[in-house]
2 protein chains.
Amino acid sequence: MKAVVVTRDDPTPQVIEIGKPSVSSGEVLVRVLRVGIDGTDHEVIAGNHGGFPAQSEHMVLGHEAVGVVEDGGDTDLTSGQMVVPTVRRPPASGSNEYFKQGQPDMAPAGLYVERGIDGAHGHMAEFVTAPSEFLVPVPDSFREFGFLVEPLSNAVKAIEHAEASRSAFRWAPETAIVLGNGPLGLLALAFLRHKGYSRLYCLGRRDRPDQSIDIIERFGATYVDSRETSLSDLATIHEPMDLVVEATGYARHGVESVRALAPNGVAALLGIPSASTFKLDGGTLHREMVLKNQALVGSVNSHVGHFETAREALTDTPSWFVDQLVTGVFPPHEIEAAFESDRQNIKAVINFEM
Amino acid sequence: MKAVVVTRDDPTPQVIEIGKPSVSSGEVLVRVLRVGIDGTDHEVIAGNHGGFPAQSEHMVLGHEAVGVVEDGGDTDLTSGQMVVPTVRRPPASGSNEYFKQGQPDMAPAGLYVERGIDGAHGHMAEFVTAPSEFLVPVPDSFREFGFLVEPLSNAVKAIEHAEASRSAFRWAPETAIVLGNGPLGLLALAFLRHKGYSRLYCLGRRDRPDQSIDIIERFGATYVDSRETSLSDLATIHEPMDLVVEATGYARHGVESVRALAPNGVAALLGIPSASTFKLDGGTLHREMVLKNQALVGSVNSHVGHFETAREALTDTPSWFVDQLVTGVFPPHEIEAAFESDRQNIKAVINFEM
């Protein structure tokens, strides 16, 4: 079967033939339909994040997938069921309490591998296998865009954790800004719309006309150009934000997100920047966070519950959103063009049925 | 009656004679027994925090008080009941939703005044009045140390908010460090002991022999000298911390507290530093907070519920703690010595019965 891989010698994604996986007890064989490409894939390819499976000369890429059950084996899943696989799996040393408690997303480094990212082959192949507990059923209507459930689930978790941080008091958030108008940022925006935030903003640095700005405005949200408006000016130019969702991976946004917050607000961090040293008025940041009861919450990955919430949110999101978000659909043999397109446009996806 | 004040012309605390307050409907007259001195008082005196009541040439100091009801007026409180007053009151513009919902501690600037700190006279006088809703009953046994309920309530709130930030997943914290071995830090340590954290640490920069180190070790906690061990070394030299409670007001601790955290940990900020610019690897801070699901939570002030929790925690704390913590008891006319002692020792208190 065809699989899209990088090798230890060559970081260029390429299609190779590998053996079709066989299912063990408790496992399901999934025929993969589509696999999205995102920033993490680019980081993995560049060698900045994650790592190869042990003793393997190649790694199958891909962690955002939708597929259909080919063989449910001895599980409750039956052939033809549309599914989205989760990303984290137990490490070679075996399962642990995080997996047993259904929260592998909270496992620290060393207690998990990530398919297509860190230590395990990904989903960008004609077939994959997975224990049924790691497969989230989705409706047939998710065939073309179900791969968006995984990235959206990461935003769902980050926002859930951010909101939990405000659960010790009565909090009625109305305003939110997403930092970043890439696919993760736009998915986070769709989720905040679904949750009913009344006034939404999205920060980017693109010139009009631009499809991401069109999406932002079609949601009724306000586009903020970061080249004109800094995060510390946001409160005065627009309004203070109850929630900030950082989805840029820009190092300064980690601390500067607090500058955009209203009293009692919270910023959720999703991006994964590299080391970057800069000057900061940490005294004022600290003082303001205390005097304004503000919080900053980092979040990575997601568990099955977040996938399920993401599924509900996508069901509630107008169909034009997916049509505008997915800017490129490529067959596996056009993998080079797909990765190139993903950098230049909003969202590229590999379609294994093409 | 006697009151300890600062004037707009003279920042030296002094005793003056002012009129005894009279009670309106819903209010209670409290005979003040003891009022503690803390870092905020020093900041107020130095003009770095808070401000005078409008149209007043002086401000009565003090926000950590214990007293006894002298006249319950038409309220449910009766003469002889021991009480601790809260600090925030509605502003001159009138009450607002934060007070109506019982969470004045979450009110943003402008929607509250703070007795003895910002815009309102404090408790450091022979008598004070307060609406009964702002008076927390305490047992008679709290006569000598009930003034500690207020500072402890601030730590209670910060830790409650920090723990709430971890409520979206199963979290079983065991290790905690308090940054700062001043009275607020030691009270926070007492609260963490009461809550059952199994391994406690406290960071300071004092040489032995030292009474604060004695308290830390008598609690079974480990004293960490910040001159020998930095926050980023803490995890390797001792162990990573599930919870960090910052009570130093040192600007760098705002962001560096995260360096001491275990995966899924949270740091609560309580200190109020001034502006301070320094270099920081914000990229790594951001990245680590995301990949380790960590949080940073600022917290100020407290509401009646936190006072009540603080009351329970103090009841559960061995009596030697208070005896060792309160290093100086002064009559009002020795106010200068009291403020001087508070800087040099652990905790000074004014006793209006002396």
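The structure is a predicted model, in which local features need pLDDT of at least 70 and side-chain atom pairs count only at pLDDT 80 or more, while totals for chains, interfaces and linings use all residues. Residues are numbered from 1 along each chain as its sequence is written, chains are lettered from A and ligands numbered from 1 in the order in which they are written, and side-chain values use heavy atoms, with hydrogens and water left out.

Chain A is divided into domain 1 (2-143 + 318-351) and domain 2 (153-298), the bounds being taken from an automatic or database domain assignment. A distance of 28 Å separates the C-alpha centres of domain 1 of chain A and domain 2 of chain A. Twelve residues of domain 1 of chain A and 15 residues of domain 2 of chain A take part in the contact, where contact means heavy atoms within 4.5 Å. The size of an interface is often given as the accessible area lost when the parts come together. For domain 1 and domain 2 of chain A, the buried area is about 1,300 Å², with 68% of it on carbon and sulfur atoms; buried area is the accessible area (1.4 Å probe) that two parts lose on being put together, summed over both.

One salt bridge is counted between domain 1 of chain A and domain 2 of chain A. A salt bridge is defined as a side-chain nitrogen of Lys or Arg within 4 Å of a carboxyl oxygen of Asp or Glu. The side chains of A:Lys157 and A:Asp105 form a salt bridge, with an N to O distance of 3.0 Å. Three residue pairs in polar contact, both residues at pLDDT 80 or more, are also found across the interface of domain 1 and domain 2 of chain A. A polar contact is a pair of N or O atoms within 3.5 Å; within protein, one must be able to donate a hydrogen and the other to accept it, and residues adjacent in sequence count only if both atoms are side-chain atoms. On the side of domain 1 of chain A that touches domain 2 of chain A, helix α10 (residues 319-325) of chain A gives the most, with four residues. Helices (H or I, at least four residues) and strands (E, at least two) are DSSP runs, numbered from the N terminus. This side of domain 1 of chain A has six nonpolar, four polar and two charged residues. In this classification, Ala, Val, Leu, Ile, Met, Phe, Trp, Tyr, Cys and Pro count as nonpolar, Asp, Glu, Lys and Arg as charged, and the others, Gly among them, as polar.

Between the chains, the contact takes 56 residues from chain B and 56 residues from chain A. Among the elements that give two or more residues to the side of chain B that touches chain A are α3 (149-164), β16 (261-269) and α8 of chain B. The most is given by α8(B), with nine residues. The side of chain B that touches chain A comprises 25 nonpolar, 22 polar and nine charged residues.

Helix α8 (residues 282-291) of chain B is mostly covered, with seven of its ten residues buried. Buried means under 20% relative accessible area, exposed over 50%, and partly exposed in between (1.4 Å probe, protein chains only). Among the buried residues of α8(B) are B:Leu285, B:His286, B:Met289 and B:Val290. At the start of α8(B), a side-chain oxygen of B:Asp281 comes to within 3.3 Å of the backbone nitrogen of B:Gly283. After α8(B) comes B:Asn293, whose phi is positive, near 50°.

Over all chains, the count comes to 34 salt bridges. In chain A, A:Glu64 and A:Lys347 form a salt bridge whose closest N and O atoms are 2.8 Å apart. This pair links distant parts of the chain, A:Glu64 in strand β5 (residues 64-71) and A:Lys347 in strand β20 (residues 347-351) of chain A being 283 residues apart. Both A:Glu64 and A:Lys347 are buried. In chain B, B:Glu64 forms a salt bridge with B:Lys347, with the closest N and O atoms 2.7 Å apart. B:Glu64 is buried, at a relative accessible area of 0%, and B:Lys347 is buried, at 1%.
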